[in-house]
Amino acid sequence: MDITVKRTSDTLYIYLGGELDEHNARAARERADSEIDAHAGVGRVVIDLAGVRFMDSSAIGFLIGRYKKLKRYATPLFLRGVGAAADKVLSVSGIYTLIPKM
Amino acid sequence: MNNRMKLEFSALSENEPFARNAVAAFCLGLNPSLDELSDVKTAVSEAVTNCIVHAYRGQTGTVVIECETEGDAVHIQISDFGRGIDDLKKALEPFYTTSEGEERSGMGFTIMQTFMSDFSVKSEKGGGTSVRMSKYFGRNKSSEVANAE
């Protein structure tokens, strides 16, 4: 799982790449959380899934976990780059009511 | 003629990609669409993750996957010999998880049911769990074929 970040004046972009399953979720969680902490106070966070080749329900747990963490900073979270396969997994959970797509 | 295969591997999380990709490779002979293949990979990943995370809870164990083709269908059975499911009815409910605080979504069985054509699960306390699921390929042939050039 590759994670890269980009910061603009008001947005932290977190780019996920590779496969997001239970095996990779822990490392992804630790990396994303350290970036969120390092950029505390940013206006919004956008998680970009365009580089994700595979995901299962571990991704739902990962995204809800980041949503809850950002809620403590009162920072909204958005998703972008959601491909068809990822969309099918995420739609089952109704996650877009918490984390809207851009 | 029907084709079949059996995989047996250690219940280690690094085997999750191996398991789903091996089953997907087995299915290629049935000319699945990319969407259908993705459905199978996701469902297998959920079942194997359940074996590793819930059945064995980090202890050593074995996961067995058996696949068989039948016409345009693949039948997949994924079994463990772990602790079994305490309350199967509850486990099948969306968002139900016994691992609160570990960021588990509780959506594994819901995804298996939604993404596959048929699904059933048998579990015995202390005797393991076995998930059977089938995918009938070609029922919705609008998308690209996975093993096309």
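This is a predicted model: local features need pLDDT of at least 70, side-chain atom pairs count only at pLDDT 80 or more; totals for chains, interfaces and linings use all residues.
Residues are numbered from 1 along each chain as its sequence is written, while chains are lettered from A and ligands numbered from 1 in the order in which they are written.

Now switch to cartoon. Chain B has four helices and five strands, running β-α-α-β-β-α-α-β-β along the sequence; these are DSSP runs numbered from the N terminus (helices H or I, at least four residues; strands E, at least two). The radius of gyration of chain B is 15 Å, close to the 15 Å from the globule rule for 149 residues, so the chain is as compact as a globular protein of that length (radius over C-alpha atoms; the rule is 2.2 Å times the number of residues to the power 0.38). Its C-alpha trace spans about 45 × 30 × 25 Å along the principal axes.

Next, the inside. The largest nonpolar core has 57 residues, and Val23(B), Ala43(B), Val44(B), Cys51(B), Ile78(B) and Met112(B) have the most contacts within it (a core is a set of buried Ala, Val, Leu, Ile, Met, Phe, Trp, Tyr and Cys residues joined through C-beta atoms within 7 Å). Helix α2 of chain B, residues 34-55, gives the most to this core, with ten residues. Click on Val23(B): leaving out residues up to four places away in sequence, it touches Val40(B), Val44(B), Ile65(B), Cys67(B) and Ile76(B) (contact means C-beta atoms, placed from the backbone, within 7 Å).

Which residues of α4(B) are buried? Select Gly108(B), Phe109(B), Ile111(B), Met112(B) and Phe115(B). They cover an arc of only 160 degrees around the axis, which puts them on the same side of α4(B) (the arc is that of the directions from the helix axis to the C-beta atoms). Their cover includes α3 (84-93) of chain A, along with α2, α3 (88-91), β4 (118-124) and β5 (128-136) of chain B.

Last stop, the interface: 19 residues of chain B are in contact with 17 residues of chain A. On the chain B side, α2(B) gives the most, with seven residues.

How values were computed
A residue is buried if 20 or more other C-beta atoms lie within 10 Å of its own, exposed if 12 or fewer, and partly exposed in between; C-beta atoms are placed from the backbone. Two residues are in contact if their C-beta atoms, placed from the backbone, lie within 7 Å.
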